[in-house]
Amino acid sequence: MALATILWVDDEIESLQSQKLFLQEKGYEVYTLTNGFEAIDFVKENEVDVVLLDETMPGISGLETLQKMKEVSKQLPVVMITKNETEDLMDDAIGSQITDYLIKPVNPNQVLLALKKIIDNKRLVSEKTTNAYQQQFRNLFIALNSNPESREWMDIYKKLVFWELEMEKSNSPEMQDVFQAQKHEANTEFFKFISRNYTSWIQKPNASSPILSHQLFKEKVVPFLETDIPTFFIVIDNLRFDQWKAIEPIFSENFRIIEEDTFYSILPTATQYCRNAIFAGMMPVDIEKHFPKEWKNDDEEGGKNLFEETFLKAQLKKLRKENIRFNYTKVVNHHDGQQLVSNIHNLLQNDLTVIIYNFVDMLSHARTEIEILKELAADEVSYRSITRSWFEHSPLHQALKKIADKKINIVLATDHGSVRVKNPSKVIGDKQTTTNLRYKHGRNLNYDPKDVLVFRDPKEAGLPTPNVNSSFIFAKEEGFLCYPNNYNHYVNYYRNTFQHGGVSLEEMIIPVIKMTTKV
């Protein structure tokens with residue numbers, strides 16, 4: 001079986017017979033034609049892996065042939081062979097999406113190298129990725145088993161995300177399995193780490209404690225307010241660190257990333273707790289105390305995130321920043337997004353602009369309910385892909401591009417991440433027990449202690465006590481909590497969906513990125 005099928009198009013093809021024989025001896029199947037018209041017909045009717053295309057031919061030029069071929073198959077790799085390396089010609093060729101070019105006279109090894117680079121590139125990248133991960137596997141293993149602190153856990157998770165993205169280049173199912181096993185081990189150890197340390201971070205924070213949700217604004221946004229440059233604080237709901245890495249290249253086109261950091265979401269890793277904490281600068285138990293009318297527990301009627309602007313005003317006052325000009329904008333649908341695009345220049349008049357963008361969280365929930373989205377976002381790879389596609393075409397991206405020529409600062413963050421759940425765990429509770437899949441609170445909860453992190457006194461975790469004797473439980477790793485009623489139905493319905501509220505690297509270690517424009 002041939003390594004690949006090559007079509008070589010050159011009006012002087014007879015003089016290239018020795019090169020054709022050389023490629024055939026190397027295992028390639030080589031077809032030759034002398035003009036562009038026949039070449040276009042050939043690629044319409046035959047499968048071709050690479051075209052070697054002479055630029056100067058009578059009848060129809062190489063560039064015209066190239067354009068017609070791309071109309072037939074946009075992804076077809078074409079190597080332009082030319083006597084002429086003028087700037088205009090190369091601009092036209094590159095603009096027409098050539099894969100590579102060679103300057104005449106070409107020798108057989110030049111052609112062979114160009115073919116290997118195109119045909120073997122995916123295989124070579126896959127092998128290199130696999131070999132590199134094999135070398136790093138031991139380093140990650142050592143890091144996981146050396147009792148890492150909060151900052152070290154952030155570094156471990158960043159490395160895991162790096163290798164998860166690199167593994168997309170690998171076609172080795174075995175190495176994919178090895179990586180997934182190591183990621184699972186990391187989440188197992190992370191759960192133990194959170195179980196040991198979370199209460200002390202809330203009750204007695206010290207120098208080794210991480211930045212948590214309620215400290216984010218003070219630590220990461222306020223320092224920008226010391227300048228005279230407009231600052232945009234953008235919170236994309238439910239954005240994991242790997243999803244940030246998926247959209248990072250799009251941001252990098254217009255903005256200079258000056259700090260890529262992470263912080264820890266509080267528990268539960270759910271919007272009503274985390275995002276209210278970000279804007280109030282307080283843990284939920286303190287928000288309830290200072291804003292009893294505004295705070296609502298899970299089992300209470302009404303929206304749970306309706307007073308973020310009120311909380312932000314109070315935090316600015318507490319931080320002695322009450323005199324700054326600020327705007328708070330929440331985008332929950334396409335109309336809101338279009339209004340943001342229309343109004344973005346006016347927002348430059350503010351010292352601080354807060355933009356809440358809800359799309360990723362809606363995608364996560366819709367994926368659970370809508371069958372077609374389960375197909376489109378079947379796993380982490382496709383979930384990242386959809387996130388990238390959304391952001392590239394989103395009103396948020398359009399709005400930011402409109403002000404990329406102005407001097408601004410951006411802090412991009414999220415409130416929590418999500419994890420793809422796989423392992424069900426039974427929970428029994430009374431009618432007051434909440435329905436969340438990754439955490440629950442209620443009285444007389446019955447559960448397997450191995451599957452959850454428990455706070456019998458919610459105040460230890462900085463949480464309100466919705467009812468007398470209420471306790472909170474949080475699912476670990478890839479677990480999800482189900483009631484015995486219709487147990488098998490709900491297990492099958494929710495398995496492999498993206499959920500949040502519990503304890504995992506993906507939910508708790510989340511991005512906070514500082515950027516500025518390139519002007």
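**Figure 1. Thr 129 sits in helix H6, which covers residues 121-144.** Helices here are DSSP runs (H or I) of at least four residues and strands are DSSP runs (E) of at least two, both numbered from the N terminus. This is a predicted model, where local features need pLDDT of at least 70 and side-chain atom pairs count only at pLDDT 80 or more, while totals for chains, interfaces and linings use all residues. Residues are numbered from 1 along each chain as its sequence is written, and side-chain values use heavy atoms, with hydrogens and water left out. Is Thr 129 buried or exposed? With a relative accessible area of 5%, Thr 129 is buried; that word means under 20% relative accessible area, while exposed means over 50% and partly exposed lies in between (1.4 Å probe, protein chains only). If you skip residues up to four places away in sequence, Thr 129 touches Trp 163, Glu 166, Met 167, Lys 169 and Ser 170. A contact means heavy atoms within 4.5 Å.

**Figure 2. Here is the whole protein chain, with its 20 helices and 19 strands.** The C-alpha trace spans about 90 × 55 × 40 Å along its principal axes. Of the 519 residues in the chain, 54% are buried. Take the contacts between residues at least 6 apart in sequence: 75% of them join residues at least 24 apart. The accessible surface comes to about 24,100 Å², and carbon and sulfur atoms account for 48% of that. These areas come from the Shrake-Rupley method with a 1.4 Å probe, and for residues only the protein chains shown count as cover.

**Figure 3. Strand E1 (residues 5-9) is largely enclosed by the rest of the structure, because five of its five residues are buried.** Thr 5, Leu 7 and Val 9 point one way from E1, Ile 6 and Trp 8 point the other way, and all are buried. Which strands does E1 pair with? E1 runs parallel to strand E2 (residues 29-33), joined by five bridges, and also parallel to strand E3 (residues 50-54), joined by four bridges. Two strands pair if DSSP finds at least two bridges between them. Keep an eye on Trp 8: Thr 32 stands opposite this residue in E2, and Leu 52 is its bridge partner in E3. Together with helix H1 (residues 17-25), E1 and E2 make a right-handed β-α-β unit. Right-handed means that, with the strands pointing away from the viewer, the path from the first strand over the helix to the second runs clockwise.

**Figure 4. Strands E8 and E9 with helix H14 give another view of a right-handed β-α-β unit.** Strand E8 (residues 326-331) pairs with strand E9 (residues 352-357) in the parallel sense, over six bridges. Tyr 328 stands opposite Val 354 in E9. Between H14 and E9 there is a loop, and Asn 350 is found in it. Asn 350 is buried, with a relative accessible area of 15%. Apart from its neighbours within four places in sequence, Asn 350 is in contact with Pro 230, Arg 325, Phe 326 and Asn 327. Ile 13 is another story: from C-alpha to C-alpha, Asn 350 and Ile 13 are 67 Å apart in space, with 337 residues separating them in sequence.

**Figure 5. Three strands form an open sheet with mixed pairing, in the order E14-E12-E17.** At the edges are strand E14 (446-447) and strand E17 (479-482), each of which pairs on one side only. Strand E12 (residues 423-428) pairs with E17 in the parallel sense over four bridges. In that pairing, Lys 426 stands opposite Cys 482.

**Figure 6. Two cis peptide bonds and two positive phi values are picked out here.** Most residues other than glycine have a negative phi, and most peptide bonds are trans. Lys 104 and Pro 105 are joined by a cis peptide bond with omega about -5°, and Pro 105 is found in the loop between strand E5 (100-103) and helix H5 (108-119). Another cis peptide bond joins Leu 267 and Pro 268, with omega about -10°; Pro 268 is in the loop between strand E7 (255-264) and helix H11 (271-280). Asn 444 has a positive phi, near 55°, and is found in the loop between strand E13 (439-442) and E14. Glu 477 has a positive phi near 50° and lies in the loop between strand E16 (471-475) and E17. Asn 444 is exposed, with a relative accessible area of 69%, whereas Glu 477 is buried at 9%.
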